[in-house]
Amino acid sequence: MLQSIVSAFQLAARAVRRNKLRALLTILGILIGVAAVVLVSALGSGAREDINQKVSSLGSNVLVVFFQPNQASGARKSQGSSLTEDDGRALVRESTSIAKVAPVLRAGSQLVYETRNWSTQVFGSTSDYFQVRAWNVVRGELWPDTPRDFSEKVAVIGASVATELFGSLDPIGRTIRIGRYPFRVIGVLEKKGQSPFMGQDQDDLVVIPLASFRKNISANNLVGSVDQLLVSATSEETVSRAEVQVDAILRQRHHIQDNSDPDFVIRTQSDLRETQDSIYAALSTLLLSVGLVSLGVGGIGIMNIMLVSVAERTREIGIRMAIGAKEGDILVQFLVEAVILAMIGGLGGTVLGVIAIAILRRVLEWPMTVQPGPLIVALATSMIIGVVFGFFPARRAARMDPIQALGRE
Amino acid sequence: MEPIIEMVGVEKDYASGPVVVRALIDAHITVNEGEFVAIVGPSGSGKSTLMNIIGCLDRPSRGTYRLAGYDVGSRSNNARAVLRNRLIGFVFQGFNLLPRTTALENVELPLVYRGQRAKHRRAHARAVLAQVGLADRVDHTPNQLSGGQQQRVAIARALVTDPPLLLADEPTGNLDTRTSDEILALLQRLNRERSLTIVLVTHESDVALCASRVITMRDGHVRSDVRQSSPRDAGEAAARAQSEPEPTSARPGGE
């Protein structure tokens with residue numbers, strides 16, 4: 001049995017070698033399919049790693065509370081956000097799972113340094129902002145942990161803003177204009193890269209003290225009202241408990257019944273992660289189905305060429321049967337040939353996929369990682385395709401009548 | 001003498017559309033070990049059908065056929081494949097060697113289906129090729145060999161399993177006279193020296209004369225079954241041709 005399988009392999013390898021061009025064209029479908037599957041899996045696992053990295057860059061224990069007007073608060077909408085600094089203080093005081101809360105005001109504004117200008121987001125917050133986001137300066141310093149009415153005109157700028165306004169100059173101690181007022185740059189934040197959601201540049205921002213924001217950037221803001229509350233849970237594990245507590249505390253403070261819509265929204269990093277995961281999942285499913293269709297087409301290609309091969313070698317089949325080949329011997333011979341074709345396609349596709357991954361990673365800087373699991377699956381799949389699509393032609397060969405195959409009629 | 005072929009009332013019908021063609025009718029044939037039988041007859045006489053049945057390529061519609069004691073009619077395709085492999089060596093008119101495959105590999109083939117090891121196969125195939133005078137041609141492919149040489153490879157392939165019966169279908173059909181005589185001389189020698197039973201189908205009377213017994217077929221019937229006391233010695237004819245100056249080298253046969 002082993003002997004006959006070994007001979008079947010030798011035989012099939014020779015048959016494939018004899019028709020190199022035909023074999024190449026036959027395996028193209030499988031090759032492309034496997035390459036696509038390998039690429040998709042690399043893209044998927046790379047993307048997941050990328051998301052994890054970026055989410056942790058934002059702080060995986062961070063919750064963001066946004067103001068979102070509901071029907072009941074429709075009247076208040078014109079007056080701005082219903083979230084207040086007092087809400088933030090209440091959260092820290094009343095919740096067991098919250099470490100810190102940073103109230104945030106934000107506005108788009110134009111920055112000017114000498115002849116350069118740059119439009120960016122200005123955030124007004126307390127020094128807690130940097131702690132919640134676990135964000136430090138690479139140069140200069142943060143403003144001190146001061147009373148909340150600290151309203152010096154100082155600014156901590158993101159890495160992108162530093163590059164855009166100052167180029168290679170050291171920004172520390174220089175004065176920029178935000179809107180109409182001059183601010184002294186005291187710190188430059190470390191680089192965080194793109195945000196996990198929507199891919200915004202997280203380093204394109206300026207952070208100034210909350211009171212200073214109220215005074216100089218948007219003076220008409222309601223006293224105490226803020227746009228967001230940036231909340232850090234005591235740990236990654238307590239995020240969901242913190243979420244429940246934030247919801248309960250804010251409902252109570254805003255006098256909102258349990259069964260009606262609140263006037264705020266709580267976002268956690270896992271929400272963002274889920275959103276992005278589902279986007280990647282949809283993309284992967286799409287590419288994967290393209291790959292699978294290609295594999296199917298490749299399988300049909302193999303079946304087609306094997307049928308041609310069986311027809312061409314009718315006489316050979318007759319000779320083999322006359323000298324003692326059983327149906328099983330002929331079946332195995334052609335099946336092994338189909339499997340070899342499919343496996344060559346699978347191997348070629350794997351190599352092609354890995355090369356494509358290397359190129360994409362270098363040229364487009366796509367996050368991709370090659371993992372052995374998908375490669376093995378791709379090879380196994382191509383083998384299965386060989387068996388499935390090779391079976392029909394092989395059976396046709398095996399069921400030939402030796403007399404007809406020898407042309408003895 | 002043991003009978004190797006026993007046919008009792010063997011018939012074969014073919015459905016040709018709505019018409020049933022009776023290709024073989026009531027054949028009673030017994031061939032003993034060591035006989036050299038020629039089956040002759042015009043085309044359509046049923047000799048190919050008879051040959052297919054003797055060769056276990058086909059089963060009789062009626063009657064019983066025993067090959068070396070095995071009832072062929074009751075056996076499945078696979079069982080008959082095993083019988084062919086064990087009991088019969090085939091030699092065909094068109095040589096029927098595998099193209100682009102060396103003489104050695106062609107001869108090895110029946111042993112592959114016996115599941116023998118490559119080393120053993122090769123040694124045995126080499127030895128048999130030497131017996132038919134092709135020791136120096138083992139690595140040639142069929143298109144590098146003359147018609148006579150190709151037929152010798154085919155005979156070697158038929159002999160490599162050491163079968164009790166050699167079936168030759170028009171073995172000289174594609175060969176010139178001198179090469180034909182050489183092949184026939186080889187068959188006669190095998191018959192004489194090894195008591196190899198040979199059944200040979202031909203429509204040439206010259207070829208039939210080399211056999212010790214001639215069965216004549218016509219319209220599906222066995223018309224006559226005659227023993228020849230002094231068959232023509234093909235070896236002598238070949239030797240005579242050798243001494244003549246005429247350079248009739250074997251014309252290259254092939255597919």
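Visitor: What is Ala338(A) in contact with, leaving aside its neighbours within four places in sequence?
Guide: Ala338(A) is in contact with Ile302(A), Met306(A), Gly386(A), Phe389(A), Gly390(A) and Ala394(A). Two residues are in contact if their C-beta atoms, placed from the backbone, lie within 7 Å. This is a predicted model, where local features need pLDDT of at least 70, side-chain atom pairs count only at pLDDT 80 or more, and totals for chains, interfaces and linings use all residues. Residues are numbered from 1 along each chain as its sequence is written, with chains lettered from A and ligands numbered from 1 in the order in which they are written.

Visitor: Which residues touch the most other members of the largest nonpolar core?
Guide: Ala338(A), Val37(B), Ile39(B), Val107(B) and Ala156(B) do, in a core of 130 residues. Helix H2 (residues 20-58) of chain A gives the largest share, 16 residues. A second, separate core has 46 residues, including Ile178(A) and Leu230(A). The name nonpolar core is for a set of buried Ala, Val, Leu, Ile, Met, Phe, Trp, Tyr and Cys residues joined through C-beta atoms within 7 Å.

Visitor: Why is Glu170(B) called buried?
Guide: A residue is buried if 20 or more other C-beta atoms lie within 10 Å of its own, exposed if 12 or fewer, and partly exposed in between, with C-beta atoms placed from the backbone. Glu170(B) has 20 other C-beta atoms within 10 Å, so the label is buried. Its phi is near 45°, a positive value in a residue other than glycine.

Visitor: What makes helix H3 of chain B largely enclosed?
Guide: In this helix (residues 103-112), 10 of the 10 residues are buried, so the rest of the structure largely encloses it. Among them are Glu105(B), Asn106(B) and Glu108(B). Helices (H or I, at least four residues) and strands (E, at least two) are DSSP runs, numbered from the N terminus.

Visitor: How do you know that strand S1 and S2 of chain B pair?
Guide: Pairing requires that DSSP finds at least two bridges between two strands. Strand S1 (residues 3-16) of chain B and S2(B) have 10 bridges, in the antiparallel sense, so they pair. In S2(B), Val21(B) is the bridge partner of Tyr14(B).

Visitor: Why is one side of strand S2 of chain B left without a neighbour in the sheet?
Guide: The open sheet of 4 strands has the order S2-S1-S4-S5 (chain B), with antiparallel pairing. Strand S2 (19-32) and strand S5 (70-71) of chain B stand at the edges, each with a single partner strand, so one side of each has no neighbour in the sheet.

Visitor: How many bridges join strand S3 and strand S9 of chain B?
Guide: Strand S3 (residues 36-40) and strand S9 (residues 213-218) of chain B pair over 4 bridges, in the parallel sense. Val37(B) has Arg213(B) as its bridge partner in S9(B). Arg213(B) also stands opposite Arg227(B) in S10(B). S9(B) and strand S10 (residues 221-227) of chain B pair in the antiparallel sense over 6 bridges.
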